[in-house]
Amino acid sequence: LFIELEQKERLKSKLEVDKLLSQINPHFLHNTLNTVQWIARMNGQSEIVKLLSALTRLLHFNLGKEGSYVKVKEEIDAVRDYVALQLARTDYQFEVRFEVDEVAGDCMIPRFLIQPLVENAIYHGLLYENGTIHITVEIEDANRIKIIVSDNGVGMDEELRYKLMEGNRNTDENQKAGMGIGLNYIIKMLEAYYGNAASVAIDSNIGEGTRVTINIPVKKA
């Protein structure tokens, strides 16, 4: 038991180091954006102010100064900001639908758990085409939280789904597309925080979209 706990803590520490390294530049960017936002407001550029506000909130959330766990509704708010930024920077218009159970919204989950799945759905599911992403968070069996991110995009075949789930995420194909990076991070995160008590499943078929389901224990605020 002690060895298992030590391994989990070591993995948590590695995740935090990886996260910290990725946040060095965003921290500088965060401060710079505050200045740009102030200039835009002074010049009456309301749309730019709106986008910069969303980006600043998202960076502040991802920097994670308030701890490793956040409420589901806080994570969802960050995803909304992320989606708004993606819609602003792309030529196509996709739709994201949210269904979050009120009780589940107040439960705690690891920070940055849902956004990587939404990013995968946008760039690897919809492939820059119009489509719909559906995010559902609900309580299951009183003591479990089920998180589902699905899209009606291109889908994937059984071979790629198997590679992603079995950890073969370093193939040239996946690295070139960035397909497995976010999922790899999520799987490691769930292992660190929940061990065998968490599960991830991918359901997908070519031309029928992709559905990623995460099931984790309930953690109250």
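Two strands are said to pair if DSSP finds at least two bridges between them. Helices (H or I, at least four residues) and strands (E, at least two) are themselves DSSP runs, numbered from the N terminus. The structure is a predicted model, in which local features need pLDDT of at least 70 and side-chain atom pairs count only at pLDDT 80 or more, while totals for chains, interfaces and linings use all residues. Residues are numbered from 1 along each chain as its sequence is written, and side-chain values use heavy atoms, with hydrogens and water left out.

**The hairpin of S6 and S7**

Strand S7 (residues 210-217) runs antiparallel to S6, and six bridges join the two. Within this pair, Ile202 stands opposite Val212 in S7. The two strands form a hairpin with five residues between them, and Gly207 in the turn has a positive phi of about 80°. In a regular strand the side chains alternate between the two faces of the sheet. In S6, Val200, Ile202 and Ser204 make up the covered face, whereas Ser199, Ala201 and Asp203 make up the uncovered one.

**Ser204 and Thr210**

Ser204 belongs to strand S6 (residues 199-204), and Thr210 to strand S7. Ser204 counts as buried because its relative accessibility is 10%, buried meaning under 20% relative accessible area, exposed over 50% and partly exposed in between (1.4 Å probe, protein chains only). Thr210 is also buried, with a relative accessible area of 10%. The side chain of Ser204 takes part in the polar pairs tabulated here; a polar contact is a pair of N or O atoms within 3.5 Å, where within protein one must be able to donate a hydrogen and the other to accept it, and residues adjacent in sequence count only if both atoms are side-chain atoms.

| Partner of the Ser204 side chain | Distance |
|---|---|
| Thr210, side chain | 2.9 Å |

Contact means heavy atoms within 4.5 Å. Leaving out residues up to four places away in sequence, Ser204 touches Gly155, Met156, Gly209 and Thr210.

Ile147 is located in strand S5 and is buried, because its relative accessibility is 0%. Beyond four places in sequence, the residues it touches include Ile109, Leu113, Val212 and Ile214. Ile147 and Val72 are 75 residues apart in sequence and 9.9 Å apart in space, C-alpha to C-alpha.

In helix H6 (residues 158-166), the buried residues are Leu160, Arg161 and Leu164. Seen down the axis of H6, these fall within an arc of 100°, so they line one face of the helix; the arc is that of the directions from the helix axis to the C-beta atoms. Asp157 caps the N-terminal end of H6, with a side-chain oxygen 3.3 Å from the backbone nitrogen of Glu159.

**The whole protein**

The protein has eight helices and seven strands, and 45% of its 221 residues count as buried. Among contacts between residues at least 6 apart in sequence, 70% join residues at least 24 apart.

The average pLDDT, the predictor's confidence in each residue from 0 to 100, is 81, and 79% of the residues score at least 70. Among the elements, strand S5 (residues 144-151) has the highest mean pLDDT (97) and helix H7 (residues 172-177) the lowest (45). Over residues 168-177 the pLDDT stays under 50.
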